[in-house]
Amino acid sequence: MTFITSVKDYVKRHRQGLLVTATIVGGGYFAGKYATNKIRDIQEKSTAERLAKENLKRRFQQNQNDCVFTVLSLLPTLGDQILHDMNIEKDWAKLQESRKLEKIELRLRKEREEAARLKEEQEAMSQLSDEKDINESGILVDADVASSTTTILPESQEQSEPAQDKEEQQPKSPAPQPLALDSSVSSLSTSLTVEQEDDRPVPEGILDKREKHLLWEEIKTKSFTRTFTSIYSVTLLTLLTHIQLNLLGRFTYIWSVSVLNKSEPTIRLQQEGEEPDVGFLDPQVERMFLSASWWLLHRGWKQCAERVQKAVEQVVSGIPLKSTLDYSEAEELLQNLRRAIEFDDEGKPISYRTWMLPDTEKEELEFIRGAGFDEDQDIYSNNSNSSTITLKKLLDETRDFIDSPDFNQVLGSCLDEVFAIFDHHAFVTALLPANEPITSSIREVTAAEALALEQGKRVSLANLLPTIGRQSHLVIAGNEYLNAFAYIKELQAFSALIYTQYGDESNA
């Protein structure tokens, strides 16, 4: 009892202090509990956001890989048409065949001339032999006539008439005039032979000078047109594929996040009371939208080729085939061609939208039929009461991205990178001196050598055409040229901008 009483007295005396102590301890406990819960929530939220970002990053990277494989799968369709319509190899084969036939014809002509010369020599030798025989027989005839005039009776006058004819021919045979006539006839026959050789019909397959010139001009135009058309078409196809797949990837990602995180989404993309099927992408619409590249593969590249051909005729047609170019002149030619293609007469950038996508409703229906789909108006038309994403909406948003200033900047960066590869293969290798092996000797470089190293060597335009025309095969094959797009930062940033533009969809 004494202990309890003493405790009570102690509590009464220190009541206020105990209350303060209890308050502090309790407050500290609950504060610690609250802080612990908050820290746990923050950690969980941070982990969830990190996982969501990693998931988004992984999806985005996978989307970029899909873009590369999609372009690779479409390149054969594009390449077959370009190589078929601008078949330079056929023209080169025609020139080579003509050159081969010319060599054969020249060899045959030499053989004919040699045979004719031998024949003439044989005829001349035979003629000289005949004349010698005639001379010998004429002398014998004179001796016979002289003896016959004393012994033969007049009744034999008829037999002596042929001898008299031979006697009349005798003084003419040794004279120089018949020999001069023979030589003139021989020369005439030679000239006639040459004229007949020149007048012989040209064998089939051998081109005359005019036909060769026209064929060379055609090869010159086709070489530049085909390669530049391939470069622009593949670049536009790559950009269109990036826009399509990143746009579809964005819709798919938003819809999946909205469905999986409807109650408490990690990244809130869905408004309260919204149905989870808002923004749902119908598989049929997705296939139709991905098939929109049909327009560029079958119609747009032809429009591109027409503009490229006009630029080539404007810039390259005035350059003779035998004219020589150094590296600086080749660079200037390349820049002039790009300027004529990419800018209009007023110096403004042209629009590539009509090359990449159908521009009118009639063209849209044409691409739908061409891609093998039926004209389904419920899917194609933009019905505001429907909660699904329509093809019209996807096409319109794609056009908006193509018309944006960002697209022109990205396209310029892609073209610069691709044409740098073209420049290296077509001009640098042929016009600039190769790197010489490093030697230990040190010598002074003269001004002429420095100028030669700076300008490189000069090569005729005709010798550059095979390399220029061959680049179209490398572009369509997709090796080095297509790999270059993976390292263009502007293209990656543009794709990320499309993939992460959630504003319209999240507020739908």
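## Terms and basis

A residue is buried under 20% relative accessible area, exposed over 50%, and partly exposed in between, using a 1.4 Å probe and protein chains only. This is a predicted model: local features need pLDDT of at least 70, side-chain atom pairs count only at pLDDT 80 or more, and totals for chains, interfaces and linings use all residues. Residues are numbered from 1 along each chain as its sequence is written, and side-chain values use heavy atoms, leaving out hydrogens and water.

## Confidence

The protein chain averages a pLDDT (the predictor's confidence in each residue, from 0 to 100) of 78. At least 70 is reached by 73% of the residues.

Residues 145-198 do so, with 18 contacts (heavy atoms within 4.5 Å) beyond four places in sequence.

## Overall build

The protein chain holds 19 helices and 2 strands. These are DSSP runs, numbered from the N terminus: helices are H or I with at least four residues, strands E with at least two. Of the 508 residues, 34% are buried. Among contacts with a separation of 6 or more, 86% join residues 24 or more positions apart.

## A nonpolar surface patch

Phe3, Ile4, Val7, Tyr10, Val11 and Leu18 form a nonpolar patch on the surface. Together the six expose about 560 Å² of accessible area, by the Shrake-Rupley method with a 1.4 Å probe, where only the protein chains shown count as cover for residues.

Helix 1 (residues 2-13) gives the largest share, 5 residues. Val7 lies in helix 1. Val7 is partly exposed because its relative accessible area is 37%.

Note on methods
Patches are made of residues with over 30% relative accessible area and no salt bridge: like charges are joined within 9 Å, nonpolar side chains (Val, Leu, Ile, Met, Phe, Trp, Tyr) within 5 Å. A salt bridge is a side-chain nitrogen of Lys or Arg within 4 Å of a carboxyl oxygen of Asp or Glu.
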